[in-house]
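Please look at the model below with its sequence beside it. The questions that follow go through it step by step.

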Amino acid sequence: MGLREPDDAAVWRLDDEKAIVITTDFFTPVVDDAYDYGSIAAANSLSDIYAMGGQPFLALNVAALPDNLPNEISSEIIRGGAEKAREAGVVIAGGHTVKDKEPKYGLVVVGFVDPRKMLSKGGLKVGDALVLTKPLGFGVTTTALKRELAEEQDVQEAVGWMKQLNNKAGQLATEFGLRGGTDITGYSLLGHAMEMADASNVALKLDFSKIPFISCARKYAEKGCFAGGAFDNKSHFETKVRFAESIDEPNQMLLFDPQTSGGLLLGVPQEKLDSFIARAGEMDQAAWVVGRVETGIGMTVE
């Protein structure tokens, strides 16, 4: 898996019970604090393994750092990544660094998955509930930060969520035998959901009132704090999405907002939904039912 399908990581079967999962991701700073940046970048890189139902075990640093970047900053970036990897039970076994004018950091991550229990974007079934495990609004908040419009408490709220691993969400998916899932990152909730709909040959219906946002998201949306990627997402995916008239432009754009280290979007069969939500509560894992899978094509947001 990975040469054709639009999935989150490449998968190589070793035998009937075990496969290798491998992925990589890195990006420029999204926050000012070097340690937080490293931690967020690592959590984001690890997320693709969890989105496949896998368990990461090994990683390599990938970094591009300017010559004039003070050592205390570069070391904090690497420390943030290392401590987030340790939290995930992952060993960072070296990596590679090059010189660049703007810092970039992330990981190559390797994990194991049981191919019989793997998640994929094409695993949704008609009747499944759509469950999201982190709120939205990270992109619009970090863009407000870059424009020096963000308030400190708003940044910290977003950082707290972005640093959170998706390990519990991935564990839940495996525990309940789910088959359809992805993580919400640069293509936004609607973009990644649309990838799942297309790969699964189904239609999706989202309930806007049930979609969670961090507390400052609407405020920065009204100020127009959207990165260029949000408009790219809208341009690419909007022809496949039908919005209710009650959903105004700022709220539509929030659904096209690129996320960094977002949550998982999972398809949960209706007969498992109550047990799934209860188990999520026991594990202190956030879970919101935001829509359902239907027959047809495209997506509706009501």
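Q: Is Gly89 buried or exposed in this predicted model?
A: The classes rest on relative accessible area, where buried means under 20%, exposed over 50% and partly exposed in between, computed with a 1.4 Å probe and protein chains only. The relative accessible area of Gly89 is 56%, so Gly89 is exposed.

Q: Which residues is Gly89 in contact with, leaving aside its neighbours within four places in sequence?
A: Gly89 has its place in the loop between H2 and strand S4 (91-99), where helices (H or I, at least four residues) and strands (E, at least two) are DSSP runs numbered from the N terminus. The C-alpha atoms of Gly89 and Leu58 are separated by 8.7 Å, although these residues are 31 apart along the chain. Contact means heavy atoms within 4.5 Å, and by that rule, with those sequence neighbours left aside, Gly89 is in contact with Pro56 and Phe57.

Q: Why are H1 and H2 described as oblique to each other?
A: Axes are lines fitted to C-alpha atoms, for helices over the stretch in contact, and angles run from 0 to 180 degrees between N-to-C directions. The axes of helix H1 (residues 34-50) and helix H2 (residues 71-87) come within 7 Å and cross at roughly 40°. Angles under 35 degrees count as roughly parallel, over 145 as roughly antiparallel, 65 to 115 as roughly perpendicular and the rest as oblique. H1 and H2 are therefore oblique.

Q: Which hand does the crossing of H3 and H4 have?
A: Helix H3 (residues 138-146) and helix H4 (residues 152-162) pack at an angle of about 135°, with their axes 10 Å apart. A crossing is left-handed if the near helix is turned anticlockwise from the far one by less than a right angle, and right-handed if clockwise. For H3 and H4 the crossing is left-handed.

Q: How many nonpolar, polar and charged residues are in the contact of H3 with H4?
A: Phe138, Thr141, Thr142 and Leu145 in H3 meet Asp154, Val155, Ala158, Trp161 and Met162 in H4. Ala, Val, Leu, Ile, Met, Phe, Trp, Tyr, Cys and Pro count as nonpolar, Asp, Glu, Lys and Arg as charged, and the others, Gly among them, as polar. By class, this contact of H3 with H4 has 6 nonpolar, 2 polar and 1 charged residues.

Q: What kind of aromatic pair do Phe226 and Phe231 form?
A: Rings of Phe, Tyr and Trp (its six-membered ring) pair if their centres lie within 6.5 Å, and planes under 30 degrees apart count as stacked, over 60 as edge-to-face and the rest as tilted. By this rule the count comes to 8 aromatic pairs. The ring centres of Phe226 and Phe231 are 6.4 Å apart and their planes lie at 80°, so the pair is edge-to-face.

Q: Is Leu264 buried or exposed?
A: Leu264 lies in strand S10 (residues 264-268), and residues up to four places away not counted, Leu264 touches several residues, including Ser47, Tyr50 and Val131. At 0% relative accessibility, Leu264 counts as buried.

Notes:
Residues numbered from 1 in each chain as written. Predicted model: local features only at pLDDT ≥ 70, side-chain atom pairs only at ≥ 80, totals over all residues. Heavy atoms only, no water.
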